[in-house]
Amino acid sequence: MSIPSQDLTLDAAIQPAQALRFGRVRRAGRLTNVYWVLFAIFVFVAIFAPLIVPYDPVKANVAERLLAPSWHHLFGTDSNGMDVFSRVLSATRTDFSVAIGGVAISVLLGAPLGAISGYTGGLFGEALSRVAEMLQSIPIFLFALMVLAALGNSKALLVGMIAFVTTPVFLKLTRSVVLPLRSRDFIASARCAGLRPGAIMARHVLPNALGPIASQLSISCAYAIQIVAGLSFLGLGVKIPEPEWGSMIQQGSEYVLFGQWWVSVFPGVAVLLAVITFGGLGRQLSAWYEH
Amino acid sequence: MSTEPHTTSVTEMSDLAERPLLEIADLRVEGIKNGRTVPLLRGIELVIGEGMRVGIVGESGSGKSMTASAIIGLLPPGVRAVSGSIQLRGRQLHALSEPEMRRLRGSELAVVSQNAMGALNPLVPVGAQIARVCRAHTQVSRAEARDRAVAMLDSLGIPNAAERARDYPHQFSGGMAQRVAIAMALICDPSLLIADEPTTGLDATIQAQVLEVISDSVRSREAALLLISHDLAVVSAMCDVVAVVYAGEVLEVGPAEDVLRDPLSPYTQGLIRCLKPATDEIPFIPGRIPEPGSFGEQCPFAERCPRVSERCRHERPRLRELRHHHWVACHNA
């Protein structure tokens with residue numbers, strides 16, 4: 001208490017509440033760091049996996065099938081004798097590039113469209129928004145199954161799939177942020193000052209939408225990773241033997257019953273950690289801009 | 001409603017100004033209310049000369065701000081100008097394309113709005129916001145624009161202008177924020193500054209300061225000022241010419257001192273009585289301003305007028321020059 005208080009009872013009454021508040025702040029701060037550290041580790045692994053993995057992630061070795069975790073094979077080996085540790089690390093790049101790639105495309109498409117939809121308003125903006133809602137109502141897994149089954153498995157298609165699902169999210173989000181901004185006085189005064197619509201959009205409208213977009217970006221990445229892993233689990237998207245968490249879980253699932261849990265569990269933990277990291281970062285970012 | 005033009009021609013009223021800058025003639029603006037078009041401005045007549053200071057006084061809803069919006073060509077959605085003309089140095093503004101109009105806004109016609117804090121983007125340092133307007137209209141380098149912004153802030157009485165330019169709007173008090181907004185409006189040396197209730201929401205002491213800043217800066221730049229206010233006292237102290245508007249019409253125009261000393265319209269007389277109460281009782285004008293579209297071809301003030309006659313209810317009075325340079329729209333003045 002920096003303010004000397006004459007009223008001791010009041011002082012005492014305030015203290016617990018404040019202690020609680022500081023405690024929460026500190027806890028929140030520590031959590032933030034955990035998420036950022038995890039994120040940094042994931043990015044590091046995604047970039048440098050080929051340099052740090054102990055074994056070739058796609059080299060089969062029939063002599064070393066389904067070995068339990070040991071110092072030799074930290075996460076054990078799978079039914080093809082491939083090193084699970086090397087595969088989990090290498091899969092980070094696959095999963096992250098597909099998920100982040102898809103989300104990046106969707107934000108580059110969805111945010112400007114949403115800004116236009118919200119800023120111009122009118123029938124065109126309304127129409128864009130309705131189209132986005134229509135797309136959002138399509139069940140993603142069913143749709144992805146159809147598309148990937150019809151057009152074949154490819155990573156590019158998977159990226160497109162993710163972009164397809166998340167673009168409407170960014171469109172709606174940006175529209176919802178921009179719509180109330182339109183009637184703000186500083187937008188009116190920018191128009192009175194003769195700034196071009198493009199300049200107003202880039203300098204006055206979009207910067208105000210950056211906070212919500214950043215947080216949604218992270219949350220969408222978490223969602224995208226689930227989609228990548230989920231579709232690959234179903235045998236769509238990334239082709240075996242390219243290391244990918246979902247397909248590894250699927251591949252190991254038949255051995256879990258026989259006690260050979262490591263083939264599925266380690267990639268499963270990786271998916272879980274990735275989703276928690278992105279989800280946590282997203283919530284931190286939204287708490288930060290709403291503060 | 002008849003579309004017959006006003007009997008007063010702009011040329012006649014332009015005697016008020018030696019070199020007319022902005023001439024508004026028979027400006028009619030309509031809006032849509034409950035699916036019905038209603039007249040919002042019913043033939044505004046006004047002339048602003050170069051370097052002249054003109055005030056528009058009126059109650060809320062009288063069309064003061066709508067007139068300003070019409071001048072800069074940014075009427076709210078659903079509202080449109082149906083007839084009349086606005087000329088800037090002889091150029092018809094409504095004949096200009098949107099890009100041409102945009103080049104005029106901020107450079108020739110500048111606006112200071114009522115809510116300065118709201119008029120500034122909370123995410124951008126104020127200096128950068130002013131420099132941006134400068135760069136939108138003039139070919140100057142970033143550094144040059146920034147220097148001009150700082151110089152402008154300094155000239156408007158913001159201490160430590162160079163440092164304050166890096167501050168964000170929330171770090172400014174209301175009065176200081178209004179100075180920033182004025183700096184943003186004046187950065188391109190406009191010929192006309194439109195100040196729409198620039199002191200609303202400010203403390204009385206700050207109000208006087210801000211008005212003085214506007215008055216001084218307009219004078220030193222030889223820019224014309226269109227001051228919009230509901231406060232007759234402020235307008236007559238700041239302006240050379242006063243126009244009293246009511247329900248979208250100009251009821252009286254004249255040199256500020258003449259209007260204040262010898263008001264011709266019963267409405268203006270009522271306003272002045274409210275300004276200087278003779279007794280302990282607070283005077284007021286009974287009734288309220290009519291809703292747009294609720295009255296036809298008549299004097300809009302007829303229902304509240306102490307001098308109303310039968311003619312007022314059937315025939316709309318036109319502006320006529322009753323005294324030298326002093327017009328009034330009243331049958332019984």
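In α8(B), the buried residues are M176(B), A177(B), Q178(B), R179(B), V180(B), A181(B), I182(B), A183(B), M184(B), A185(B) and L186(B). Buried means 20 or more other C-beta atoms within 10 Å of a residue's own, exposed means 12 or fewer, and partly exposed lies in between; C-beta atoms are placed from the backbone. This is a predicted model: local features need pLDDT of at least 70, side-chain atom pairs count only at pLDDT 80 or more, and totals for chains, interfaces and linings use all residues. Residues are numbered from 1 along each chain as its sequence is written, while chains are lettered from A and ligands numbered from 1 in the order in which they are written.

**Helix α8(B)**

Burial covers 11 of the 13 residues of α8(B), so the rest of the structure largely encloses this helix. Helices (H or I, at least four residues) and strands (E, at least two) are DSSP runs, numbered from the N terminus. α8(B) spans residues 174-186 and reaches 18 Å from its first C-alpha to its last, close to the 18 Å expected. The expected span is 1.5 Å times one less than the number of residues.

| Element | Residues |
|---|---|
| β6 | 109-112 |
| α4 | 116-119 |
| α5 | 126-137 |
| α6 | 142-155 |
| β7 | 192-196 |
| α9 | 204-220 |

**Chain A**

Across the interface, 15 residues of chain A are in contact with 21 residues of chain B. Contact means C-beta atoms, placed from the backbone, within 7 Å. On the chain A side, α6 (185-192) and α7 (197-233) each supply at least two residues.

E254(A) sits in helix α8 (residues 245-256) of chain A. It counts as exposed because it has 12 C-beta neighbours inside 10 Å.

Terms used: Two residues are in contact if their C-beta atoms, placed from the backbone, lie within 7 Å.
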